[in-house]
There are 2 protein chains.
Amino acid sequence: MGHVDIYRAIADPTRRAILDELADRSGQSLFELRARLVMKHGIDSSRQAVSQHLDVLETAGLVRTRREGRSKLHWLVGAPLKAIGERWPVSTDEDTPHSSDEDIEK
Amino acid sequence: MGHVDIYRAIADPTRRAILDELADRSGQSLFELRARLVMKHGIDSSRQAVSQHLDVLETAGLVRTRREGRSKLHWLVGAPLKAIGERWPVSTDEDTPHSSDEDIEK
DNA sequence: TTGACATGCAAGCCCATGCTTGCGTATCGT
DNA sequence: ACGATACGCAAGCATGGGCTTGCATGTCAA
C-alpha cells in the first residue's frame, strides 16, 4: 500500500462515513460496520471494500484495532484530525484581499 | 471538473503547499505562487498544473480570487477547514478500547 | 498596433485508486 | 473432525485525477 497520510485517508466519502460510524459506536467489527454503513449511510460496499478502507485508515493512524476471537474490533483515533484545522489560519481580511506588498494605510 | 469537496481538495500535497503559501502571503498571482512553490517547497509544477490546482481549491471554497490587471490574485479562505477537526471527537479511551456492550470494571 | 506578459480552455496520456474476484487462514460451535 | 463464521491476501479491472500539450483570450507598455 502506497504511503498514506491522513489527508488522503479522509478524502474518500466512504472512509469518512466509517469514521462517523466509529465515532458513534466504538469497537465495531468489520461486519457490524458494513451493516451499519448500508443502513444508516446508504453505502453498499462489499466486505473487501470496507476492509481495504479500514486498512487505509489504520495505516494513516486514524483507526486502531484489537482482535477479539475471530473478530477484529475497530475504534477511532480522532486526535490527528484536530491538527488539520489548526494548520491554516482564518485570516481576518478574507473578504477584503490585498497584495502583501501593497501599502495598508489607516 | 468532477464534484469537489474540501476533503478531496486538501488530499493533494501540492494543493496543501499552495494553501501554506497563501497563508504566508496573501494576494499572490499564479506566477508568484509557482515561483515560491519551487523555491520554498521544492515543488516544480508547471504553470498549468498550478492553475488547475487553484481551480480545484477555488471550487472547493478554500481560495478566493480577484482580477488585478492581467494578473489574478489569490487568497486563502481558511474557515471551512476548521470544521474538519470538529467533525470527529477525540475519545478519552483511545488507548484502552472496549466494545460498546462490554462492561468496564474497576 | 504590435509584441510581450498573464491567464483560460480543452483534449489526450498515464498512473493511482477503489473495487471485484477468488482463494487462503484462523477461530468458534457442535 | 467438520462446517460455519470472520477475516486476510493478491491479482485483475475500470474509472478518475494530475499532468502535459497546444492554442486562444485578454491586458499592458511602447
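How many residues does the contact take from chain B and from chain A? Chain B gives 37 residues and chain A gives 39 residues. The model is predicted. About 3400 Å² is buried between chain B and chain A, and 20 residues surround DNA strand C.

**Interface of chain B and chain A**

- Carbon and sulfur atoms give 54% of the area buried between chain B and chain A.
- The rule finds four salt bridges across this interface; Asp5(B) and Arg16(A) meet through their side chains in a salt bridge, at 3.3 Å from N to O.
- Eight residue pairs are in polar contact across the interface, both residues being at pLDDT 80 or more.
- On the side of chain B that touches chain A, two or more residues each come from helix 1 (6-9), helix 2 (13-24), strand 1 (63-68), strand 2 and helix 5 (79-87) of chain B.
- Helix 5 of chain B has the largest share of that side, seven residues.
- By class, that side of chain B holds 16 nonpolar, eight polar and 13 charged residues.

**Surface near DNA strand C**

- The closest residues to DNA strand C are Arg15(A), Ser46(A), Gln52(A), His53(A) and Phe31(B).
- Helix 4 (47-59) of chain A and, from chain B, helix 3 (30-41), helix 4 (47-59) and strand 2 (71-76) each supply at least two residues.
- Helix 4 of chain A gives the most, with four residues.
- Three residues of this surface are nonpolar, nine polar and eight charged.

- Sugar or phosphate accounts for 61% of the atoms of DNA strand C within 4 Å of the protein, and bases for the rest.
- A phosphate oxygen of DNA strand C lies 2.8 Å from a polar side-chain atom of Arg15(A).
- From chain B, a polar side-chain atom of Lys72(B) lies 3.0 Å from a phosphate oxygen of DNA strand C.

Note on methods. Residues are numbered from 1 along each chain as its sequence is written. Chains are lettered from A and ligands numbered from 1 in the order in which they are written. This is a predicted model: local features need pLDDT of at least 70, side-chain atom pairs count only at pLDDT 80 or more; totals for chains, interfaces and linings use all residues. Side-chain values use heavy atoms; hydrogens and water are left out. A residue is near a molecule or strand if one of its heavy atoms lies within 4 Å of it. A polar contact is a pair of N or O atoms within 3.5 Å; within protein, one must be able to donate a hydrogen and the other to accept it, and residues adjacent in sequence count only if both atoms are side-chain atoms. Ala, Val, Leu, Ile, Met, Phe, Trp, Tyr, Cys and Pro count as nonpolar, Asp, Glu, Lys and Arg as charged, and the others, Gly among them, as polar. Contact means heavy atoms within 4.5 Å. Buried area is the accessible area (1.4 Å probe) that two parts lose on being put together, summed over both.
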